[in-house]
Amino acid sequence: MISHGNKKLEILAPVGSHEQLVAAVRSGADAVYLGAGGLNARRNAENFSDFSRLRDAVEYCHASGVEVHLTANILVRDDEWDSARELIEEACSLGVDAVIVQDAGLARYIRTAAPELVMHASTQMSLHTPGGALAAAEMGFRRAVLSRELSGREIAEITASSPIETEVFIHGALCMCVSGQCLFSAVLGGRSGNRGLCAQPCRLPFRVTGDRSGFDGCMSLKDMSHIEHIPALEAIGVRSIKIEGRMKRPEYVAAAVTACRLMRDEGTVPPDLAQKLTAVFSRSGFTDGYFTGKRGRGMFGTRTKEDVVSASPKLLNSLHPLYKNEFSRIPLRMKLTATDVHSPSALEVRDTEGHSASVSGDHPQPAQNAPFSAEYAAKILGKTGGTPYYLDDLQTDVNPALVLPSSSLSAMKREALEKIDLCRRSPKAIAFDDSAEHCRPSERRTFAEEQPEIRVIFHSARQIPDGTEGVSMAYIPLETDAETLAQAAEKLRRWNIIPAVDAPRGLFGAEKQIEKFAVQALQAKEHGIQDIMIHNIGLLPMMKKLGMKIHGGFGLNVFNSLSLDEYARMGIADSELSLELTLGQIAALRSAQPRGIIVRGNIPMMITRNCPAALSPKGCTGFSKSGTDGKYCSITDRTGRELPVLCRMGCSEIFNPVMMSVAENVAGRSSDELSLDWVTLKFTTESREQCAAVIGDFLHGTLSREKNITSGMYFKGVQ
């Protein structure tokens with residue numbers, strides 16, 4: 001575990017506008033996170049797109065003793081590297097305290113071009129295991145922003161073994177999906193959550209199929225509030241607590257920051273403030289179900305008319321005093337000298353970060369009444385209201401027979417603080433040089449003239465058909481029981497197909513769950529299975545240690561050439577590309593790393609740790625510990641479409657009911673033409689007979705265009 005020394009638990013506040021910035025700083029936040037340009041996960045917020053505004057924000061925060069964490073937490077296209085370079089170079093010139101990153105390629109770029117720039121691994125990287133924190137450290141991150149779905153026990157286990165700091169969300173909106181794994185908005189409208197433009201379609205009416213309760217919010221969770229658990233989080237070594245809400249009002253930010261600060265420093269939140277925080281924004285109240293492990297019905301909620309009405313102008317106005325004045329957080333040491341009527345008085349001021357200022361004042365005069373005392377000087381010099389400073393220590397070298405009027409002392413203090421302020425505003429630039437080879441992708445390699453290999457992913461070993469030749473590799477679930485796994489592996493080898501296992505995207509459960517995956521991987525090796533596909537970097541350290549050949553799945557969000565190179569460096573043999581890339585963007589990728597795409601299958605639009613079917617009186621009927629019995633439930637949207645929900649290893653995946661297929665678009669084309677080494681057929685709810693028909697037709701080039709299909713994002717792309 002990383003040592004945090006005597007640092008206080010950091011309160012990290014959201015900033016999407018100048019008004020929010022002032023509210024966060026003045027209400028007592030220790031750090032803020034904000035976006036600039038288009039490379040951040042709240043592109044619809046006002047943000048600080050003009051770099052001059054970003055500079056002003058950083059200067060204001062640093063003068064106030066507040067750190068600035070710059071968000072660069074979206075997936076970056078290859079044609080956006082100029083914008084990325086400009087943003088990172090500007091961040092270095094301003095001396096921002098950290099940059100929050102999701103994209104593995106961008107992390108590689110920053111690690112090489114600006115190794116002293118602190119990187120925090122975004123929650124969009126789906127970090128929810130000890131292995132995830134370890135892998136993030138290997139990538140150069142100094143902090144892991146953990147997934148919102150973790151329990152307090154799981155947070156403690158990760159933090160205890162983490163070689164880097166951990167940060168957790170403490171208050172704000174809860175996405176239904178694990179961050180970084182949602183394609184819902186992208187599939188339905190081309191607005192990518194991974195690119196900062198989520199349209200929040202999950203807040204629309206959805207109900208569990210067959211449920212007549214009338215509740216249409218089975219995809220909408222209440223906002224989270226873990227404020228009462230702040231002492232516990234501090235005790236287990238979490239470094240930072242993060243408030244969500246860059247799109248919300250400044251009054252919300254001020255109330256949330258104040259509540260967090262009071263709980264951290266005093267162990268309690270006044271009931272009046274807690275009530276106002278609930279009223280200013282909530283969805284039928286708050287939930288701490290993930291933290292306590294009490295997932296299910298009680299965590300769901302929608303924004304009601306009553307919730308909207310409660311956030312009245314009168315309520316908002318009552319919160320303004322929380323950020324009316326500057327918050328004094330910077331301690332100062334002062335030394336006052338006034339010993340001789342023939343010499344000017346002098347004041348030296350220092351802060352705890354090494355900034356200092358010296359000023360000269362009036363000549364002291366003989367005292368007419370009371371003698372010159374340290375108490376008198378402290379009373380005048382200690383009045384720092386309206387500034388972020390407070391007097392922590394005062395040394396005096398004064399002649400008690402002399403005196404300085406209060407106006408002289410105030411003038412010296414004012415001048416000294418202005419100088420200190422100027423020093424604090426001056427940026428401490430970070431070295432930036434992107435001329436190194438690793439800042440650019442490797443050259444485009446030559447692909448084979450033959451057609452790409454064909455791989456298949458089965459949701460259940462029971463789907464494997466008989467007599468399948470021509471497929472190069474077939475995946476079955478990692479958690480398949482030993483007997484079924486052995487039979488499946490033997491069956492596949494008879495047709496010269498490499499048997500492989502597919503690990504789940506959700507790895508929740510901390511050490512016990514990861515140990516289980518290790519046992520299952522060893523079990524697979526005992527049956528001659530050497531290959532595994534992973535969708536989360538949390539499995540990388542363990543699978544490398546076990547000697548498995550690791551294939552990267554779509555859950556790793558490989559979106560650009562540098563990401564391909566970075567995952568190759570980390571030991572991944574080949575990578576399945578993001579489902580949000582177009583075929584044209586895929587063809588333009590430059591990297592020596594082998595890659596492929598899913599060309600047919602129901603798109604997994606969301607993965608959640610809170611099955612929507614939990615709202616049904618019958619509960620979830622799609623859960624399977626082995627993941628091989630083929631059961632599934634569904635939810636119904638407002639148009640009557642049913643979306644399949646398949647549960648696996650404690651998480652639920654929600655699939656697009658419309659089949660995605662571009663099989664006919666890649667058929668007959670060479671690997672070199674497509675810039676692909678393989679294509680994948682992915683099966684979910686299909687029967688064994690349906691799997692056999694699709695594979696056979698694809699292999700023989702007789703797969704006709706299916707009815708009611710979508711091409712996904714392969715042609716339209718995402719914003």
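Colleague: Where is Met 649 placed?

Modeller: Met 649 lies in the loop between β26 (642-648) and β27 (651-661); strands are DSSP runs of E with at least two residues, and helices are runs of H or I with at least four, numbered from the N terminus. This is a predicted model, in which local features need pLDDT of at least 70, side-chain atom pairs count only at pLDDT 80 or more, and totals for chains, interfaces and linings use all residues. Residues are numbered from 1 along each chain as its sequence is written, and side-chain values use heavy atoms, leaving out hydrogens and water.

Colleague: Is Met 649 buried or exposed?

Modeller: Met 649 is buried, because its relative accessible area is 10% (buried is under 20%, exposed over 50%, partly exposed in between, with a 1.4 Å probe and protein chains only).

Colleague: What is the phi of Met 649 near?

Modeller: Its phi is near 50°, a positive value in a residue other than glycine. Most residues other than glycine have a negative phi.

Colleague: And which loop holds Ser 126?

Modeller: Ser 126 is in the loop between β5 (119-121) and α5 (130-138). Its phi is positive, near 60°, and Ser 126 is buried at 2% relative accessible area.

Colleague: Changing topic, how many residues has the largest nonpolar core?

Modeller: That core has 193 residues; a nonpolar core is a set of buried Ala, Val, Leu, Ile, Met, Phe, Trp, Tyr and Cys residues joined through side-chain atoms within 4.5 Å. Helix α9 (residues 250-266) gives the most to this core, with nine residues.
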